[in-house]
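This report describes the domain arrangement, the salt bridges and a surface patch of the model shown below.

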Amino acid sequence: MSDKLIIFDTTLRDGEQSPGASMTKDEKVRIARQLERLRVDVIEAGFAAASQGDFEAIQAISAAVREPIICSLSRANDRDISRAAEALKAAQRKRIHTFIATSPLHMEKKLRMTPDQVFEQAKQAVRFARQFTDDVEFSPEDGSRSDMDFLCRVIEAVISEGATTINFADTVGYGVPGLYGNMLKSLRERIPNSDKAIWSVHCHNDLGMAVANSLAGVMIGGARQVECTINGLGERAGNTALEEIVMAVKTRRDHFNLDFGIDTTQIVATSKLVSQITGFAVQPNKAVVGANAFAHASGIHQDGILKARDTYEIMRAEDVGWSANKIVLGKLSGRNAFKQRLEELGIKLESEADINAAFTRFKELADRKSEIFDEDIMALVSDEEHSHDNEYYRFVSLAQHSETGERPAAKIVFAIDSKEVTCDGHGNGPVDAIVNAIESKTQSGSELLLFSVNAITTGTQSQGEVTMRLSKAGRIVNGVGADPDIVVASAKAYLSALNKLHSKVEKLNPQI
Ligand code: KIV
Ligand code: ZN
């Protein structure tokens, strides 16, 4: 008899805590819809008390997504928990996830609370959360650096108060597989009412062991829920990567003997969507979703694969949704074909006017690029969302000149609060020239931390997708832009990052 492994996705909460990965409400809803297609069991949609934006995103996801359980994080206090309950009102199935730090270091230095105070607050929080839903998760933050006797005391008490899931957090990625798995096992053995809750693992990747620790928590510790993110997105070195957990459990079913509800053929599409929206590119050699994950370069391997695929392939590219780039639409495709493809890709635009705007941009793109792939459509929709008229800065057009021996020059027209301005700039290269031209007007005072260009599909016809990461006064934001002309893509990315800085979102980090 195999057990079910619950897949709890926290891309929209812990993933979003990654500096620069903040997403708008619409972007979060798009990702949540894709997570529903991927068939995750739980979506942690945000931390309702963190900001008005988080609150509204959880509300929108609760209304838009029906199958998975929708969850909000909350610190262990009445205000946060009420806010989470309010945001989750429309959800078909809801979970409140409350947490408090239990390690001596966090209790003394961060919370400035005694262990007895933490014990009381944890109990009180779970009791309060149970008034809103019978699905309550409790996490002892920094659990893997906590004292075992104290953990047993707190967890036994919160289970008695009605916590239905206990999430053993390796908050700072300090765990190593054998130790982490055995700590969990020992907790389950020592706590008398441990069988009344489902046990969960939540690991960070600071030492590159998040996936290994999570799997040890499952195999040694008996956890039946894994908390993870798409592409391993998350603070610092990230969280446990969902795609790696799922494919490890599927490929080595002989060892794990576990089932899950995930539709693995949706993995690549989800990975691409998250990377496109957040601007966090996936490294080519990343397991499962990296561009090279199924590429066999050496002659010996290629020969083996041709004779029998399983000589060098332990999983099939198709099973995780890799397919050769498919030409889906072209210049002659009509509005209906375009609309149908959007639906097949799980993209729901708000109104007919939005579909018309996206279709106009599709036609413009098809005039410049004869073959349109799914990736192009996804980039186009993201771009459309970034360039809404209500954005403070909006790209209009540009001209640029480079010549060997000459200093590159650029002229750009863009709108500031709906008023068009034109400015010129020079630079070491065309992108530098365009950024200097924009800065001559905006004088943002921001620092450029990252500039990266990615080809969305293959060939020199491909659209370039540019990410620009800016920092200002302690805030870090990512802007993303796509266009067959990478200087235009760069200008769009820069303006998109400036828009995010302009929006001045105030957001609390739960771990601070
Ligand atoms: O890493 C962590 O401890 C967390 C908790 C809030 C579960 O993200
Ligand atoms: Zn975390």
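Domain bounds, as used here, come from an automatic or database domain assignment. The structure is a predicted model, in which local features need pLDDT of at least 70 and side-chain atom pairs count only at pLDDT 80 or more, while totals for chains, interfaces and linings use all residues. Residues are numbered from 1 along each chain as its sequence is written, and side-chain values use heavy atoms, with hydrogens and water left out.

**Domains and their interface**

The chain is divided into domain 1 (6–278) and domain 2 (325–512). Taken over C-alpha atoms, the centres of domain 1 and domain 2 are 33 Å apart. With contact defined as heavy atoms within 4.5 Å, 31 residues of domain 1 touch 27 residues of domain 2. Buried area is the accessible area (1.4 Å probe) that two parts lose on being put together, summed over both. On that basis, domain 1 and domain 2 bury about 2500 Å² between them, and 44% of it is on carbon and sulfur atoms. R30, R33 and Q276 supply 26% of the area that domain 1 buries against domain 2, more than any other three residues.

**Salt bridges**

A salt bridge is counted where a side-chain nitrogen of Lys or Arg lies within 4 Å of a carboxyl oxygen of Asp or Glu. The structure holds 37 salt bridges, and one is found across the interface of domain 1 and domain 2.

| Pair | N to O distance |
|---|---|
| E375 and K272 | 2.7 Å |
| R145 and D142 | 3.0 Å |
| D424 and K411 | 3.1 Å |
| K28 and E16 | 3.2 Å |

Helices (H or I, at least four residues) and strands (E, at least two) are DSSP runs, numbered from the N terminus. A residue is buried under 20% relative accessible area, exposed over 50%, and partly exposed in between (1.4 Å probe, protein chains only).

The salt bridge of K28 and E16 links distant parts of the chain: K28 belongs to helix α1 (residues 25–38), whereas E16 is in the loop between β2 (6–9) and α1, 12 residues apart. Both K28 and E16 are buried.

In the salt bridge of D424 and K411, D424 lies in strand β15 (residues 419–426) and K411 in strand β14 (residues 409–416), so the pair ties together parts that are 13 residues apart in sequence. D424 is partly exposed at a relative accessible area of 48%, and K411 is partly exposed at 40%.

D142 is located in the loop between β6 (136–141) and α6 (148–161). At 0% relative accessibility, D142 counts as buried, whereas its partner R145 is partly exposed at 29%. Leaving aside neighbours within four places in sequence, D142 is in contact with S103, H106, A169, T171 and V172.

Elsewhere, R309, E313, R316, E318 and D319 are linked in a network of salt bridges.

**A nonpolar surface patch**

Patches are made of residues with over 30% relative accessible area and no salt bridge; like charges are joined within 9 Å, and nonpolar side chains (Val, Leu, Ile, Met, Phe, Trp, Tyr) within 5 Å. Accessible areas come from the Shrake-Rupley method with a 1.4 Å probe, and for residues only the protein chains shown count as cover.

One nonpolar patch on the surface is formed by L448, F451, V453 and I486, which together have about 320 Å² of accessible area. Strand β16 (residues 447–455) gives the most to this patch, with three residues. F451 lies in strand β16 and is partly exposed, with a relative accessible area of 37%.

Terms used
Chains are lettered from A and ligands numbered from 1 in the order in which they are written.
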